[in-house]
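Here is a short briefing to read alongside the sequence and the coordinates. Take a look at the structure first, and then let's walk through a few features together.

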Amino acid sequence: MPTFQAPRGTTDRLPAEQKYWRYIESKAMDVARRFGYGRIDSPMFEDAGLFVRGVGEGTDIVEKEMYVFEDRGGDMLTLRAEGTAPVCRAYLQHGMQNQAQPVRMYYICPVFRYERPQAGRFRQHHQFGVEAIGDPDPSVDAEVIELAWTMMHDIGLSDITLVTNSIGDGDCRPEYIRALKSYYENVSGHLCQDCKSRLERNPLRLLDCKVETCRALGEEAPKSVECLCAACEDHWNRVQSYLSAMGIANRVDHRLVRGLDYYTRTVFEIQPAVEGAQSTICGGGRYDGLIEQLGGRPTPGIGFGSGIERLTLNLIRNEVAVPDEPSPQYLIVTMGEEARIEGVRLANQMRAAGVGAILANGGRALRGQMRQANALRVSTALILGEDEVRDGTVAVRDMQTSSQQIVPVDTFLCNAAGG
RNA sequence: GCGAGCAUAGCCAAGUGGCCUAAGGCGCCUGUCUGUGGCACAGGAGAUCACGGGUUCGAAUCCCGUUGCUCGCCCCA
């Protein structure tokens, strides 16, 4: 056991794993571009109050998962616990309500939560997310869902399910929760211990309990979509008709609620077909009260977050072909100190010309250096020995075909830089 | 916060009381091949057997504790 290890729930992203990240990030960025979303990068830490106000005091995130610390000036700060609240804060701080609405933004950033790590769950994980702030129209809900759906297919995950629900707004939800509570109070004798406390603390969460008896009760429970006020119902129906116009199938699950307080109306998740804990790879919804909660004028918004670690896990599980990181093109092999000097010079000139070059381990025999060329998967070895140095040439060896020719260094440099 | 399992070189591991001065494989290094890689063969480096204590004539192996990791619950991406 080494003296120091990466802190619990964090991982080193090694060179060999980078290809997944580059792949997902580039696909995500391209989708965002096509939908007209601009990138935003917010700080890694925020005023602790932002999350308390935004996410909700009773949520698990705020109650027990935030990394909170006091800095040397006495400010209470929190490592970013969630993606949406910081973007909304930035929206307010930079007066984005004066831009054309909605303001469309995306982010790729780390998120920190103090949880017990397990498969697909970390204390530092990374999310690709988008937010469309300032437009209440249901077509924006459909657009955000379409964006998520498109991104999944672009990276090669097609065996996935979109799950949707509407949990109403400030007008109809209180009534729904009353109905839900009275339903559960009548059957409270059959509830598990956790659910009994949920009944008081967070009745919506009763619906997604995994205990079999509670599940069965959840099936019969009042459904939020049946208790919507007229405005919410109209919104919900239009989201559904836009989705169907785009041919995006979705399963309405009245037990889908979400753990953050700010959600209103549309909520959704995307789940892969393979069963397993922490299977959700994308989750989001509308948050029409959040900006106001953070001190702004009433402003609607909708967005989602998608966990890059979980996406990677699913790419590997489904054996999606992900392009390798490009390996260095040239390895310079030298024999003797004279040639070494030429090798250093050549590498320097190549790099200056924008061509990738690395020097082989000069302490090794030619054979060992060639082995290195093989191990590094370079496409070409450049060999400098006594003869080449004397003649101002370099032996250019194609590692695939094993064909080799001796060319003047200047000619080689010209060709390499040009091609 | 609760529950379960695991811990032997960089990685995968055999070993369940004494022939363990710890097998084997991958990877790494060297040589066979004095200036040419992949294949093959030969050799080499690399392990306080997670840490601490106990039982025993004897512990990688049994017991206790600690730490770490993994998996599940809660919740989430």
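Met-44 sits in the loop that runs between strand E1 (38-39) and strand E2 (45-47). Please keep in mind that this is a predicted model.

**Who surrounds RNA strand B**
- RNA strand B is surrounded by 45 residues, and the closest are Arg-113, Arg-121, Arg-258, Gly-259 and Ser-402.
- Of the atoms of RNA strand B that come within 4 Å of the protein, 50% belong to sugar and phosphate.
- Sorted by class, the surface near RNA strand B has 19 charged, 14 polar and 12 nonpolar residues.

**Individual contacts with the RNA**
- On the phosphate side, the side chain of Arg-364 places an N or O atom 2.5 Å from a phosphate oxygen of RNA strand B.
- Asp-387 has a side-chain N or O atom 2.9 Å from a base oxygen of RNA strand B.
- Met-399 takes part through its backbone, with an N or O atom 2.5 Å from a base nitrogen of RNA strand B.

**Elements that line the RNA**
- Two or more residues each come from helix H3 (60-65), strand E6 (124-133), strand E10 (282-286), strand E11 (301-307), helix H13 (366-375) and helix H14 (386-391) to the surface near RNA strand B.
- H13 gives the most to this surface, with 5 residues.

Note on methods
Residues numbered from 1 in each chain as written. Chains lettered and ligands numbered in written order. Predicted model: local features only at pLDDT ≥ 70, side-chain atom pairs only at ≥ 80, totals over all residues. Heavy atoms only, no water. Helix = DSSP H or I, 4+ residues; strand = E, 2+ residues; numbered from the N terminus. Near = heavy atom within 4 Å. Polar contact = N/O pair within 3.5 Å; in protein donor to acceptor, adjacent residues only side chain to side chain. Nonpolar A, V, L, I, M, F, W, Y, C, P; charged D, E, K, R; others polar.
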